[in-house]
Amino acid sequence: TVIAQASTAFIEFNQNKKPLDNQNIRKALSKSIDRKTMSSKILGGTGTPATSFTSTKLAKDPATGKDYAKVAGDKNEVGYDLKEAKKLWKQGLKESGKKKVTLQYVTDDTDAAKRSAQFIQSQMQKLPGLKVTIKTVPFKQRISLAEDKKFYMINTIWGADYADPSTFLDLYTSDSSFNHGSWKNAEYDNIMKAAKTTDVNDDEKRYADYAKAEKILQEDAAIAPTFYQAKPSLLNTKVKGVVSNTVGAPFDWKWAYKK
């Protein structure tokens, strides 16, 4: 059984490092990744292609009743388009005054993380003049490198702490300690502030704020969401009534029984 989790894997770009301060460069890198192929061939059912930063299976949009991530997601912004990626890349290189670029990609030293990194490397290197090197480190070291901002691109996974889009979107306000890539956007900050103040008691307005904030993240390629995480689990077929949760305790055994 594969159990969905309110968790998103994504690539953080360090915008203190050139040319990652360039929007077209970041957009090109994001659009070079074929997330469908990654999910089916590399992840083997442990993930589905991401079209938003906020994960699926987290919360429902109060205005439509649909999964919020599907309302806020955008396949055009967070999706595969190699032709468009090459066009953006060419423009970004011109703006950055560069002809060739080498970028290091930091990831965990697990087999799954290495496979994903190699796939992302092969995808990104389809952009002319780009070389991607991979640095694999233990989990704790990856966290330290992210916190110390000692990276160019780094693989990150964020799981929801509670069932609201703010558990993801709060990460990218200018003053957030989790904003490892140092991305800053005043409009984003103002929208997230409105969700906590003027619109806090109106769910429809609050979720509309979140959707606007999500759109800014996507359009600026602040990060590159890659997949929504799922967890393969072994469950005895005789055990029925087990409730799986995407947030909080993974299982609820209250109604479980053995057939």
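Helix 1 and helix 4 are roughly antiparallel to each other, because their axes cross at roughly 155° and angles over 145 degrees count as roughly antiparallel. The axes of helix 1 (residues 23–31) and helix 4 (residues 82–96) come within 7 Å, where axes are lines fitted to C-alpha atoms over the stretch in contact and angles run from 0 to 180 degrees between N-to-C directions. Helices are DSSP runs of H or I with at least four residues, and strands are runs of E with at least two, numbered from the N terminus.

The model is predicted, so local features need pLDDT of at least 70 and side-chain atom pairs count only at pLDDT 80 or more, while totals for chains, interfaces and linings use all residues. Residues are numbered from 1 along each chain as its sequence is written, and side-chain values use heavy atoms, with hydrogens and water left out.

The largest pocket holds about 590 Å³ of space; a pocket is an open set of points on a 1 Å grid where a 1.4 Å probe fits, with protein on both sides within 12 Å along at least five of seven lines, and lining residues have an atom within 4 Å of a point. Its volume is the space filled by probe spheres set on the points, which are joined across faces, edges and corners. Strand 6 gives the most to this lining, with six residues.

| Element supplying at least two lining residues | Residues |
|---|---|
| Strand 1 | 2–13 |
| Helix 5 | 111–124 |
| Strand 6 | 223–232 |

Key. Angles under 35 degrees count as roughly parallel, over 145 as roughly antiparallel, 65 to 115 as roughly perpendicular and the rest as oblique.
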